[in-house]
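I opened the model today to look up its sheet, its nonpolar cores and a few single residues. My notes follow in the order in which I looked.

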Amino acid sequence: MRGWFGPILFGLIVAAATAWAAILYIPYGLMNVAMERLGQEGVNTMSYGNLATPERQPVVRPSPDLAYSSCPYDLSAGPVSIDVAPVAGRYSSLSVFDAATDVIFVRNDVEAGGKPYRIIVARAGQAVPAGAEVVRTDHDRGIALIRLLLKDPEEIGGLDAARRESSCATVTNKK
């Protein structure tokens with residue numbers, strides 16, 4: 001039995017190290033895949049996705065009654081502003097995820113009072129416009145996701161122009 005102690009201990013150490021590495025790195029890999037799938041227009045630019053169908057599902061289990069707009073962001077060149085224009089009479093929400101897939105900010109149209117709003121996503125130490133609402137993150141990359149609830153998928157044609165009033169971009173004016 002003593003002859004098996006070393007190999008068993010070694011196996012347990014390898015298994016623990018593998019589990020730790022997987023837990024640490026898998027979220028970043030998943031976020032990279034999500035950014036590639038959702039960033040049709042590129043980084044720091046809002047993409048206005050088509051409605052999900054059984055044939056078109058860019059992420060796991062998207063809701064067919066939600067219209068998604070996404071902004072994969074990269075803060076390495078500076079902060080990113082996200083402007084949200086709620087659509088009157090429709091539930092909408094903004095969720096901001098960091099590179100580790102953690103939610104770092106959420107606001108819906110009710111919390112915003114149905115009014116447009118802007119947030120600035122920035123790393124610690126990055127200059128932001130005075131008076132701006134700032135969401136700080138420890139990661140350069142992530143995704144901002146806007147969801148707009150539809151009563152019927154056919155509504156998207158009439159609501160698409162209003163949905164496209166939301167945007168994101170690298171902050172250029174630091175004042």
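Predicted model: local features only at pLDDT ≥ 70, side-chain atom pairs only at ≥ 80, totals over all residues.

I count two strands as paired if DSSP finds at least two bridges between them, and I take strands (E, at least two residues) and helices (H or I, at least four) as DSSP runs numbered from the N terminus. Residues are numbered from 1 along each chain as its sequence is written, and side-chain values use heavy atoms, without hydrogens and water.

**Sheet.** I found an open sheet of four strands in the order β7-β6-β3-β9, with mixed pairing. β7 (134–137) and β9 are its edge strands, each pairing on one side only. β3 and β9 run antiparallel and are joined by four bridges, and V80 has T170 of β9 as its bridge partner.

**Core.** I define a nonpolar core as buried Ala, Val, Leu, Ile, Met, Phe, Trp, Tyr and Cys residues joined through side-chain atoms within 4.5 Å, where buried means under 20% relative accessible area, exposed over 50% and partly exposed in between (1.4 Å probe, protein chains only). The largest core has 19 residues, of which I82, L94, V96, I119 and V121 touch the most other members. At least two residues each come from β2 (66–74), β3 (80–84), β4 (92–98), β6 (117–123) and β8 (141–149).

**S166.** Is S166 buried or exposed? It is buried, at a relative accessible area of 2%, and lies in the loop between α2 (156–163) and β9 (167–170). Beyond four places in sequence, S166 contacts (heavy atoms within 4.5 Å) M46, Y48, D83, V84, A85 and I146.
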